[in-house]
Amino acid sequence: MTSTLSALATAVATEGGHGGGQAVAEATGVFDLTWLLIAFPLLGAAILLVGGRRTDKVGHLIGCAASIASFVMGLVLFFAMVGEPSDGRAFTVQLWEYVNAGGYSVDVSLLLDQLSISFVLLITGVGSLIHIYSIGYMEHDERRRRFFGYLNLFVAAMLLLVLASDYLVMFIGWEGVGLASYLLIGFWQHKDSASVAAKKAFVVNRVGDMGMVLAMASMIAVFGSTAFDVVFSSAEGASTGWLTVIGLFLLLGACGKSAQFPLQSWLLDAMEGPTPVSALIHAATMVTAGVYLIVRSAAIYDLAPDARTAVVVVGAITLLMGAIIGCAKDDIKKALAGSTMSQIGYMVLAAGLGPAGYAFAIFHLLTHGFFKANMFLGAGSVMHGMNDEVNMRRYGGLRILMPATFLTFAMGYLAIIGIPPFAGYFSKDKIIEAAFADNWITGLATLIGAGITAFYMTRLMLMTFFGNRRWKQSELPHESPPVMTGPLWVLGALSVVGGFGLLYLGAGIVDWLAPVTGEAHHDLPMPLWLLITITLATVVVGVAVAWAMFGRRAVREDVPAGNAITVAARNDLYGDAFNEAVFMRPGQYLTRSLVYFENRGVDGAVVGTATAVGGLSARMRRWQTGFVRSYAVTMLGGVAVVVLAMLLVRLP
Amino acid sequence: MNAPTIEYAELAPLITIFGAAVIGVLIEAFVPRQLRHPVQVGLALLALVAALVQVILLAGTDMVAAVGAVAVDGPALFLQGTILVLAIISVGLFAERRLEAGGDAFAPAASSLPGSEDERILVREQRLQTEVYPLMLFAVGGMLLFPAANDLLMLFIALEVMSLPLYLLCGMARRRRLLSQEAALKYFLLGAFSSAIFLFGMAFVYGYAGTLRFGEISEALTANIGQDGILLAGVGLMAVGLLFKVGAVPFHSWTPDVYQGAPTPVTAFMAACTKLAAFGALVRLFYVAFGGLRTDWQPMLWAVAIATMLVGAVVALTQTDIKRMLAYSSIAHAGFVLTAMVAADSTATAAILFYLATYGIATLGAFAVVTLVRDSGGEATHLAKWAGLGRRSPVLAATFALFLLAFAGIPLTSGFVGKLTVFTAAIDGGAAPLVVVGVIASAVAAFFYVRVIVLMFFSDPAPEGPTVAVPSLWTAVGITVGAAATLLLGIVPGPLLDLAQQASIFVR
């Protein structure tokens with residue numbers, strides 16, 4: 001079976017043909033050093049976490065240096081890759097053989113191609129900026145060294161996730177980022193809410209991980225391997241049923257990590273972590289791992305249209321859910337978290353559109369990484385100046401007092417609502433186009449999403465930076481130190497030019513990714529100018545409604561009652577209630593009945609067997625109390641069974 | 001009549017250990033009391049290291065020595081080497097003297113009445129029990145011989161040489177002596193019972209084959225037609241004797257009581273090394289001598305493997321004592337090894353060798369951690385007392401969590417690679433349904449391992465919880481080696497897998 005498949009695999013691989021089918025060369029020269037990308041932050045984490053208090057003084061500098069070193073390495077690799085011809089930009093770096101057990105072997109090797117280097121630059125670039133920002137943000141925290149250690153650990157794990165060339169190795173990175181995320185959400189463990197949120201993220205992510213595990217198990221069953229090259233090249237030989245199953249399992253994994261419906265509930269609570277963590281892990285990088293997973297598995301999804309439809313549906317539901325939740329939250333970070341869910345919904349939806357959407361999903365992922373990190377860090381800067389107040393009903397009029405934060409935040413704001421020529425305009429518009437080209441329903445979902453996005457972001461902007469001053473504290477809110485505003489300016493600039501740059505600089509991101517993701521041109525059901533006009537009009541309507549509600553009128557400090565939708569949105573659209581009813585209750589019943597079964601059933605079975613052998617039912621209870629004689633009788637019974645089993649086999 | 005030739009060079013590891021054990025007994029008689037402890041520990045370590053060096057030098061040997069009685073081949077040498085490494089760490093645990101005020105884990109005199117005036121005097125004088133070291137060396141000698149034994153008589157002698165000192169060692173705990181003595185007596189009675197069954201089976205097999213040597217038995221299987229009943233009954237009875245030693249269901253009932261009652265360093269030694277030696281013997285006997293009968297014994301092993309995995313994993317769920325929990329966990333692990341054994345080929349042998357090595361080292365480490373968590377009554381083995389240990393002593397709790405994750409078979413630990421190899425071997429050997437049961441049992445088992453981790457890290461510490469004692473270098477080295485090996489073999493298992501692969505052919 002395996003040999004037939006691998007023969008098939010070789011045959012398909014030589015043909016190439018679909019996305020992911022580009023030739024992959026053994027790495028030479030500078031590409032041979034790809035492992036350094038992971039080694040730097042891993043070493044940083046090891047020094048900071050093992051070194052203990054001795055490294056307290058320089059811990060933050062070591063952390064930043066490790067991340068920046070990795071970024072520089074990423075740049076070197078990127079430019080080296082640009083120097084290669086466009087069909088020779090994928091390299092594998094063989095590190096060592098992990099296991100070779102019979103028919104199944106796993107190599108620890110890295111895959112450096114156009115897709116992974118894009119992620120590497122995002123992770124290390126934005127990651128380094130957030131490391132620098134954290135020097136200021138965490139200055140007064142006595143566990144700052146540990147914080148940087150965890151951040152480094154996260155960066156290392158995330159890089160392993162995107163560089164792995166085998167699903168199993170990727171899964172190690174996948175679990176690594178989960179661990180780092182868990183540690184960082186619960187970083188302020190003295191707060192009960194933080195440890196509860198960390199546990200929730202942990203548990204929900206395990207559900208997603210089951211999807212990953214099942215996907216890998218299916219791959220082993222079908223392809224006999226979890227290595228990218230084998231799986232992708234032999235995908236065409238597998239049955240559509242299996243591919244759909246694998247695709248759905250991978251989608252479940254992606255839902256867990258990327259907070260997509262129905263596993264979205266942990267992300268809002270994850271905002272209990274320090275704000276730089278929210279920016280790096282829960283906005284820019286880790287939560288996009290699901291999108292990476294789907295795009296990376298393009299070869300499977302290309303052949304499984306049903307699975308792709310499921311991806312689109314999940315993306316559409318989440319993008320609307322996240323946007324609605326974002327409208328009702330008064331906590332600035334939770335509003336941004338709802339927005340993150342919604343934007344990742346866009347990416348997942350785009351990824352579900354197949355070759356027409358993969359590149360746009362990654363494009364939006366990158367621009368979103370810029371402007372969302374920018375806004376989260378901006379929110380952190382606001383909180384820093386407001387004694388960690390997160391309730392926007394206690395903000396107001398901050399644009400004068402925090403000019404740098406305001407200006408950079410405004411760049412992120414204009415980017416996310418999609419005003420040309422800011423970054424989000426290019427990336428989101430491409431997704432809306434692709435969605436309309438696919439069908440009207442997805443198109444409308446993305447269009448409505450854009451309108452709601454404009455509404456809640458304008459609301460956030462108005463409540464925070466404009467309007468009446470509603471804060472109670474005695475001293476004036478202050479602007480943050482340069483070590484924090486510096487990264488804000490860089491990210492702000494990227495929010496302005498990132499979209500245009502990525503789309504048009506050089507050959508543009510679509511051509512850049514084409515060898516990995518494949519390419520498909522779509523035909524719009526209407527002229528492009530009309531669609532752009534409609535989109536912009538929707539955005540303007542959203543902004544206008546928000547201004548009418550929060551700009552013209554003074555914002556109330558108490559929470560108004562609100563209508564049914566608002567109340568539902570405040571309660572995360574009853575995501576927790578849903579989980580409780582669908583997962584928790586049945587789970588509790590299951591465990592309860594298992595315990596019951598264990599007490600009655602399993603013990604009963606043991607006792608029952610003993611009765612048959614010993615015939616002394618009155619002494620059954622004592623059997624468990626450890627009498628040698630009862631043990632001996634059990635053994636004797638076992639002897640009888642074993643000998644009988646041996647003899648019975650020979651009977652015809 | 002010619003005297004038989006004995007290949008002394010190839011038997012050197014065995015001779016070294018047994019010789020050192022005899023010298024150890026003489027030391028007890030002739031060396032002054034104050035010097036005995038350092039001398040005995042030194043001698044034991046010296047002998048074990050010397051034997052290990054000899055085993056390494058013998059690597060690649062493939063022969064039958066001592067007139068056909070002892071095999072010197074890949075599986076034997078691999079297991080002997082592993083047992084010696086584990087025994088060296090165990091000596092360190094035995095010699096730990098910082099945990100108990102003025103003593104080690106052993107009663108000053110096992111014969112004194114618990115709670116009597118005699119005992120109090122001995123404790124006050126800080127008398128140390130040093131006979132444990134020669135006893136341990138005898139046990140190690142038996143363990144080295146057990147997987148190498150190539151005829152029935154040698155197999156039985158090795159079994160007894162290995163077991164008798166262990167019975168004694170189990171009864172020597174300094175604390176909770178009645179529990180310890182009860183465990184020893186139970187172990188002895190049940191062990192004697194299983195030995196008798198084993199001997200009975202041997203007699204049947206000899207009656208059928210007319211020879212004691214494995215190779216000749218194997219030939220007799222194809223030669224003698226008829227009288228199969230006596231042979232099959234013999235094979236079944238011998239299987240029982242060996243399955244008892246590995247702790248397979250339904251011959252497992254001694255395991256929890258003995259693991260709980262024995263002094264923890266002895267439990268660690270026993271759990272790690274006995275299992276290795278007994279599996280070595282079981283695999284050799286069934287592959288070499290009874291290989292031709294595999295279709296007859298495979299169904300029986302299927303049943304035993306399934307029962308072992310399920311009972312071990314399910315019953316462990318309700319345990320409240322950490323040592324009992326680890327005991328049931330060891331039962332479940334015996335079941336996982338049995339799944340591979342059903343396959344009966346060299347891939348399976350390699351998988352079993354690798355699994356045993358990784359399991360042994362993690363077990364040793366886990367029990368070593370148990371010796372450190374103490375309250376006023378000695379070791380605090382009740383699970384409730386481990387609540388919140390992660391806050392009190394994060395490093396220790398993280399190390400223990402690592403061992404538990406390895407037992408649960410989580411990636412990046414040696415346990416994952418071990419489970420993967422045994423399950424793959426079982427699938428290749430046509431035992432896929434067993435693997436399904438194995439995976440289910442692993443899932444159940446993962447639950448109670450993770451429960452302990454959750455308890456350690458997410459529960460509030462008990463108000464009068466145990467303290468974590470600071471060990472001397474002996475225990476610290478043992479735990480560190482165990483943790484490092486568990487992690488390293490999880491990340492780079494290749495070299496050891498290759499070694500196991502090379503060592504997987506039995507001499508015939």
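1. The model is a predicted one, in which local features need pLDDT of at least 70 and side-chain atom pairs count only at pLDDT 80 or more, while totals for chains, interfaces and linings use all residues. Residues are numbered from 1 along each chain as its sequence is written, chains are lettered from A in the order in which they are written, and side-chain values use heavy atoms, with hydrogens and water left out.

2. Chain A holds 26 helices and 3 strands, taken as DSSP runs (H or I, at least four residues, for helices; E, at least two, for strands) and numbered from the N terminus. Of the 652 residues in chain A, 57% are buried, that is, under 20% relative accessible area with a 1.4 Å probe, protein chains only.

3. The contact between the chains (heavy atoms within 4.5 Å) takes 45 residues from chain B and 30 residues from chain A. The buried area, meaning the accessible area (1.4 Å probe) that the two parts lose on being put together, summed over both, is about 3,200 Å², and carbon and sulfur atoms give 76% of it. On the side of chain B, the residues that lose the most area to chain A are Leu232(B), Asp296(B) and Phe458(B), together 15% of what that side buries.

Terms used:
Buried means under 20% relative accessible area, exposed over 50%, partly exposed in between (1.4 Å probe, protein chains only).
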